[in-house]
Amino acid sequence: MKLAMIGFGQAGGKVLDRFLEYDREQGSEIVRAAVAVNTAKADLMGLENIPEENRVLIGQARVKGHGVGADNELGAEVAEEDIDEVQSAIDNIPVHEVDAFLIIAGLGGGTGSGGGPVLAKHLKRIYTEPVYALGILPGSEEGGIYTLNAARSFQTFVRETDNLLVFDNDNWRQSGESVESGYAEINREIVERFGILFGAGEIREGGEVAESVVDSSEVINTLACGGVSTVGYASETLDRERKGGLLSKLTGEAEEEVDSTSTTNRITSLVRKGTLGRLTLPCEVGGTERALLVLAGPPKYLNRKGIERGRKWVEDETGSMEVRGGDYPRSRSEKVASVVLLSGVTNVPRIKELQQVAVEAQENIDDLRDASAENLDQLVNDNDDELEPLF
Ligand code: GDP
């Protein structure tokens, strides 16, 4: 499907930048338009693939291009004040050619966390296309203020979007890595998962036709229940050279003999692995409202039977009666990958924990604020109030 993507804040911009790279490598054309919005000039300048004219610096009058310093209330205010500047960039997007908007933002910071929901609300007022967001939760080691920001932003994003797809940094942390190289790896993971999900349903002229191709409307219908979504992924690299044998090497034609039973079994087990493995937001899959399976790979390695079996299994596992499924043919790919979108999930202990830490952080911040006002008063004034200020 074709998306207008808006990267809001630093994390949002960086992930969008990676999406453009992925699109180019895969020839997938998911990103019909890309706009980066930030309050920090340096972050916008660091982007590589987003055209200069699509980088919007907001809040110059308030923060002079230096960012909002993890203050998401300020991020929201600045976005509201400068929404016309964001709209001007969106005016250049051929919106009639896009299937949906996707706002990408880190929920723990200030600019994307606060400004993202403001933009979602604005877009929903103006356009009829669905407005989705990809919200990134901070790692738990990032501390109280990031957790508090994320909990408040999460709540607001869910209210203002048609669906909030969540990626939890905490679930993807790798020890022993620098933050930056860690993020580079995490961002690759994000783009691979969401790239397959949104890449499905894009049948190009002269493109490959598989048995049951996922259409963009199936992605949209799955997300239409609203609320919160998570995505599972599993892949298996194909040993195509061995299968193709000497003959295929000589002729250059891959005359692969593909056994249909093993294709079916591979697909079924990839669907199970994808659903039960590491989700972008860990949750209990039971009670999921809707689901979509996308099987990506060379058409020969995809079949209707496998998807049908996988679909039934997901129905049993989630209890949902609305499980869709289909193919995303990619003949050049060396692997078969399954992406499982679970939409409208409600049993998410990680969010409950996040909220609890956020409430504690908020109480702490309030207590400290009160205490420090009192302490300052005691410091500045002499014990018996004998001194007076000058004026
Ligand atoms: P903003 O610029 O004020 O919106 O804030 P940032 O985007 O810099 O940071 C918000 C949160 O996003 C951080 O607390 C991190 O959890 C996360 N984050 C920052 N950069 C990246 C990134 O490149 N990838 C991922 N996955 N998360 C990031």
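A salt bridge, as I use the term, is a side-chain nitrogen of Lys or Arg within 4 Å of a carboxyl oxygen of Asp or Glu. Glu192 forms one with Lys335, and their closest N and O atoms are 3.6 Å apart.

Some ground rules. This is a predicted model, in which local features need pLDDT of at least 70 and side-chain atom pairs count only at pLDDT 80 or more, while totals for chains, interfaces and linings use all residues. Residues are numbered from 1 along each chain as its sequence is written, and side-chain values use heavy atoms, with hydrogens and water left out.

Now the domains. The assignment gives domain 1 as 3-199 and domain 2 as 224-343; such bounds come from an automatic or database domain assignment. Taken over C-alpha atoms, the centres of the two domains are 28 Å apart.

How many residues of domain 1 are in contact with domain 2? There are 23, and they touch 22 residues of domain 2. Contact means heavy atoms within 4.5 Å. About 2,000 Å² is buried between the two domains, and carbon and sulfur atoms give 57% of that. Buried area here is the accessible area, with a 1.4 Å probe, that two parts lose on being put together, summed over both. Of the area that domain 1 buries against domain 2, Arg193, Ile196 and Leu197 supply 31%, more than any other three residues.

Back to the polar side. The count of salt bridges between the domains is one. Twelve residue pairs, both residues at pLDDT 80 or more, are in polar contact across the interface. A polar contact is a pair of N or O atoms within 3.5 Å; within protein, one must be able to donate a hydrogen and the other to accept it, and residues adjacent in sequence count only if both atoms are side-chain atoms.

Which helix gives the most to the side of domain 1 that touches domain 2? That is H8, with seven residues. Helices (H or I, at least four residues) and strands (E, at least two) are DSSP runs, numbered from the N terminus.

Last, the ligand. It is surrounded by 18 residues, and the closest are Gln10, Ala11, Lys14, Glu142 and Asn187. A residue counts as near if one of its heavy atoms lies within 4 Å of the molecule or strand in question. A ligand oxygen is 2.9 Å from a polar backbone atom of Gly110, and a ligand oxygen is also 2.9 Å from a polar backbone atom of Thr111. A ligand nitrogen is 3.0 Å from an N or O atom in the side chain of Asn169.
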